[in-house]
Amino acid sequence: MSDSTKKSVRPFRSARWFDDKAHADHTALYLERYFNFGLTREELQSGKPIIGIAQTGSDLTPCNRHHKDLAQRVKDGIRDAGGIPMEFPVHPIFEQGRRPTAALDRNLATLGLIETLHGYPIDAVVLTTGCDKTTPATLMAALQLDLPAIVYSGGPMLNGWKPVSCEGDADSKKQEHEERVGSGTAIWQNRERLAKGELDYAGFMDASAESVPSVGHCNTMGTALSMNSLAEVLGMSLPGCAAIPAPYKERSQMGYHTGRRIVEMAFEDLKPSDILTRQSFINAVVACSALGGSTNALVHLLALARTLKGVELSMDDWQQYGEDIPLLVNCMPAGKYLGEEFYRAGGVPALLQQLIADDLIDGSQNTVTGQSIAHNCEGFQVRNRDVIFPTEKPLMEKAGFAIMRGNFFDSGLMKKSVITDAFREKYLSHPDHPQCFTARAIVFDGPEDYRARIDDPTLDIDEQCILAIRNVGPIGYPGSAEVVNMLPPKRLVKQGITCLPTLGDGRQSGTSGSPSILHIAPEAAAGGGIALLKTGDRIRVDIANHRVDVLVSDAELAERRNALQVQPLVNQTPWQEIYRNSVSQLDTGAVLETEEEYVRILDEHPVGRHSH
Ligand code: FES
Ligand code: MG
């Protein structure tokens, strides 16, 4: 169909700005300034949809920076399909660079994008995603408005490599080999070497740089690759998009196809609410376990479901649908490969094809193509069984998140796919109670306190201890910090004890392989019982029964609560105050709780009022 004969399902909202004959004075004001960079009245009054490109790339967000170049191919696709592209910036969110934490900015970027999309003449939007929270932040805005939207991720970096020397051939000459270095994961490993004294400051910096060989987001199955894979599982990106490495030609080709498709979606008026159902989210929960996905994905999926009103998703769903799913994808931190191998093995469509065939997910769910997931995945298959394992012979059985409850909190989680054999052997193999251990708590009030005291010999930390950290949740930190994966004291690390049990009301990086008990809610700053813990308390962790209890009487806990001194919260910026006053806990997605329910905003408020 030629562009001029294409008809949209309903009138484009951009016409209310650019072609409103009843309000010529307003229309002239809206139109004229767009001419100054060369757009014409013919274009803007042609009836073509205006397609926003929500640009998350910037010098401050290096994981997404190449989107500034990729956007050109998206624009080419939009033009070829009969749309008019308009690119605009999104509030930067860089996971590793934002202090105090990028988590503070997910909701801020969402609010900013909602205002941009609602306030300007945009008919549909391409969400450029990548670094951890850019995916949920932009998706939440599109869901809240219910505007046709498509996810276009920037893709993972190429593999990092480091030389490894080993005694090799028959001549006993040294052979140089290489080992994969995964982003994020390498830093957690290198900090152990720093603590042991195997690396000095400069060596630590150099070793960390080995994991960054090209443009792109983290190449491990951290939060970025998890969230972009799950956006694809949800049906919000074109099939195959998530895993294409950032520098591959297929990445920019995908940009072109995405640009073309969003124009068709604008004409079809194919909205997030036409795609996403409760079942799509259950599919994503299942896929997250099979991927060995990030613990942060749980928070973001809860937030997305809450934003899309009418779809219920809870911690219980993660327990019911996620925990018993096997680990199939062999990527760091749970496995050994990186984004490149995942892509070459078939990526998300190959995994989905398998999960559908094994009846683990429902392939009938709709997607941005207007077709079902099952239809989209036809023709894809697993090309490397060392990267994507068969369901009947997985990398690990029952490898999802265990949702934990206890006598001092309502909910938390433990990522079972990263429990190592050594950890299992030491803590989870008692013949009488194999999935249960009791440990002495060492309690820290935030990461500064942890750093100041972890090597204090009077704490007498040994392998019978559990490290606990609090006041690092959404309200306490603010934003919830990725600090629960605490390293043991240097003294123990030097003896080879690199992992102790940990728990906390914050998060940990998706690239970390620590089997911590995370996301404890309610957090200390919201009056949670974790505020009552004391160093020396005995804590019993019972994974089989999903319990974490402090072995202290109720009467003693009540006494401690009466004596509790509430820590004053110091806000450094106005946004920190606004955020703290309205954020929910991690078990409900850490979303902003507004007094009014803003349900699918464009349904009731397609445009704002004129202002001139
Ligand atoms: Fe940006 Fe990992 S820090 S993707
Ligand atoms: Mg991260």
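1. Let's start with the sheet. Four strands make up an open sheet in the order β2-β1-β3-β4, and their pairing is parallel. The edge positions go to β2 (84–89) and β4; each has a single partner strand, so one side of each is left without a neighbour in the sheet. On average, and ignoring direction, neighbouring strands here are turned by 25° against each other. Please keep in mind while you look around that this is a predicted model.

2. How confident is the prediction? The mean pLDDT of the chain is 95, with 97% of its residues at 70 or more. If you go element by element, strand β6 (residues 174–181) has the lowest mean pLDDT, 75, while strand β4 (residues 149–153) has the highest, 99. The scores for the model are ipTM 0.90 and pTM 0.96.

3. Now look at how the strands of the sheet are joined. β1 and β2 run parallel and are connected by six bridges; in this pair, I51 stands opposite P85 in β2. Strand β3 (residues 124–129) is joined to β4 by five bridges, again in parallel, and here L127 stands opposite V151 in β4. A handy point for following any strand by eye: in a regular strand, side chains alternate between the two faces of the sheet.

4. Next, find helix α4. This helix lies across β1 (50–55), β2, β3 and β4, and runs at about 165° to β1. Together, β1, α4 and β2 form a right-handed β-α-β unit.

5. Which residues of α4 meet α10? They are L70, R73, V74, K75, D76, G77, I78 and D80. On the α10 side, the contact includes R251, S252, G255, Y256 and H257, together with T258, G259, R260, I262 and V263. By class, this contact between α4 and α10 is made up of six nonpolar, six polar and six charged residues. As for the geometry, the axes of helix α4 (residues 67–80) and helix α10 (residues 249–268) come within 7 Å and cross at roughly 35°. The crossing of α4 past α10 is right-handed.

6. A second pair of helices is worth a visit. Helix α6 (residues 134–145) and helix α9 (residues 223–233) have axes that come within 9 Å and cross at roughly 35°. From α6, the residues T135, P136 and L139 meet M227, N228 and A231 of α9. That contact of α6 with α9 has four nonpolar residues, two polar and no charged.

7. Where do the cis peptide bonds listed here sit? One joins R99 and P100, with omega about 0°, and P100 is placed in the loop between β2 and α5 (103–119). Another joins M332 and P333, with omega about 5°. P333 belongs to the loop between α14 (315–322) and α15 (339–344).

8. You will find N471 in the loop between β10 (465–470) and α20 (490–494).

Terms used
Residues numbered from 1 in each chain as written. Chains lettered and ligands numbered in written order. Predicted model: local features only at pLDDT ≥ 70, side-chain atom pairs only at ≥ 80, totals over all residues. Axes fitted to C-alpha atoms, helices over the stretch in contact; angles between N-to-C directions. Helix = DSSP H or I, 4+ residues; strand = E, 2+ residues; numbered from the N terminus. Left-handed = near helix turned anticlockwise from the far one by under 90°. Contact = placed C-beta atoms within 7 Å. Nonpolar A, V, L, I, M, F, W, Y, C, P; charged D, E, K, R; others polar. pLDDT = per-residue confidence, 0-100. Pairing = 2+ DSSP bridges. Right-handed = clockwise from strand over helix to strand, strands pointing away.
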